[in-house]
Protein chains: 2
Amino acid sequence: MLDIERDDLQPQQLSFNAQGLMPAIIQDVETKDVLMLAWMNREALERSLQTGYTWFWSRSRGRLWQKGEESGNTQSIESVRYDCDADTLLILVRQGGDKLACHTGKPSCFYRTLN
Amino acid sequence: MLDIERDDLQPQQLSFNAQGLMPAIIQDVETKDVLMLAWMNREALERSLQTGYTWFWSRSRGRLWQKGEESGNTQSIESVRYDCDADTLLILVRQGGDKLACHTGKPSCFYRTLN
């Protein structure tokens, strides 16, 4: 069982990349399925922490978006973890709506395997 | 329960980023804990598929490395999934050694939470 430590690192101390982004792995807190990987900038992380729901930076659309803003498949945040290098987030969520995290209508974006 | 599809996409068709890299989320197939996120280039992915163990590209050291090559905490690959955009991998592994995936000696790199 993973022993999770509380730490006094502040969100401002995390390492965003040269584009000001950080990968966020989204995991279902109940099933432990990995649902998706999306990107956060500082503002997306702040909004996520303030609202308790996941917000991301869309690299293709060039804007912030809340997960589920159109589909209703929101993600309520249970826990925000960060890795040893403080450059990747692991966010445990409780899904709203139909619990279909992928825009294709699948439960997870990782629904295919390599041959 | 996630229904995983077999797909005829080939590794060569995956989307690597401008640096030739792709994030790979590593998940323990037994506990479903997310262990780490590391980066693969085409060669790392090919070696991983050929050997059945995870290989990554170290951005800091500028070379390929096999997970566990020094620590013995190897990762035997059970399944390689890719996401809807084909630009992120989710690799399910069975851990060898002491099952301590993080270089800090922790079971997972995600052992801390934000305040």
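Reader: Which residue is the bridge partner of Ser58(B) in E5(B)?

Author: In this model, which is a predicted one, Ser58(B) has Arg63(B) of E5(B) as its bridge partner.

Reader: And how many bridges join E4 to E5 in chain B, and which way do the strands run?

Author: Strand E4 (residues 55-58) and strand E5 (residues 63-66) of chain B run antiparallel and are joined by four bridges. Together E4(B) and E5(B) make a hairpin with four residues between them, and in that turn Gly62(B) has a positive phi of about 65°.

Reader: Changing topic, how much area do chain B and chain A bury between them?

Author: The two chains bury about 4200 Å² between them, and 58% of this area lies on carbon and sulfur atoms. Of the area that chain B buries against chain A, 20% is supplied by Phe110(B), Arg112(B) and Leu114(B), which is more than any other three residues supply.

Reader: How many residues does each chain put into the contact?

Author: Chain B gives 47 residues to the contact, and chain A gives 47 residues as well.

Reader: What about polar contact and salt bridges between the chains, how many are there?

Author: Between chain B and chain A there are 16 residue pairs in polar contact, counting those with both residues at pLDDT 80 or more, and the count of salt bridges between these two chains is four. A search of the whole structure, over all chains, finds 14 salt bridges.

Reader: Which residue of chain A forms a salt bridge with Asp87(B), and where does each partner sit?

Author: The partner of Asp87(B) is Arg59(A), and their closest N and O atoms are 3.8 Å apart. This pair crosses between chains, with Asp87(B) in the loop between E6 and E7 of chain B and Arg59(A) in the loop between strand E4 (55-58) and strand E5 (63-66) of chain A.

Reader: Which elements of chain B give residues to the side that touches chain A?

Author: Those that give two or more residues include helix H1 (42-51), strand E2 (22-28) and strand E3 (34-40) of chain B. The most comes from E6(B), with four residues. Sorted by class, that side of chain B has 23 nonpolar, 10 polar and 14 charged residues.

Reader: Which strand of chain A pairs with E8(B)?

Author: Strand E6 (residues 75-82) of chain A pairs with E8(B) in the antiparallel sense, over two bridges. Within this pairing, Tyr82(A) has Arg112(B) as its bridge partner, and Arg112(B) is also one of the three residues that supply 20% of the area chain B buries against chain A.

Reader: What rotation superposes chain B on chain A?

Author: A rotation of 180°, with 0.0 Å of shift along its axis, superposes chain B on chain A with an RMSD of 0.0 Å. The two copies are therefore related as by a two-fold rotation axis. In chain B, the C-alpha nearest the axis belongs to Lys32(B), at 3.0 Å from it. The same surface serves both copies, with 100% of the contact residues of chain B recurring in chain A.

How values were computed: Residues numbered from 1 in each chain as written. Chains lettered and ligands numbered in written order. Predicted model: local features only at pLDDT ≥ 70, side-chain atom pairs only at ≥ 80, totals over all residues. Heavy atoms only, no water. Contact = heavy atoms within 4.5 Å. Buried area = accessible area lost by both parts, 1.4 Å probe. Salt bridge = Lys/Arg side-chain N within 4 Å of Asp/Glu carboxyl O. Polar contact = N/O pair within 3.5 Å; in protein donor to acceptor, adjacent residues only side chain to side chain. Nonpolar A, V, L, I, M, F, W, Y, C, P; charged D, E, K, R; others polar. Pairing = 2+ DSSP bridges. Least-squares fit on C-alpha atoms with pLDDT ≥ 70 in both.
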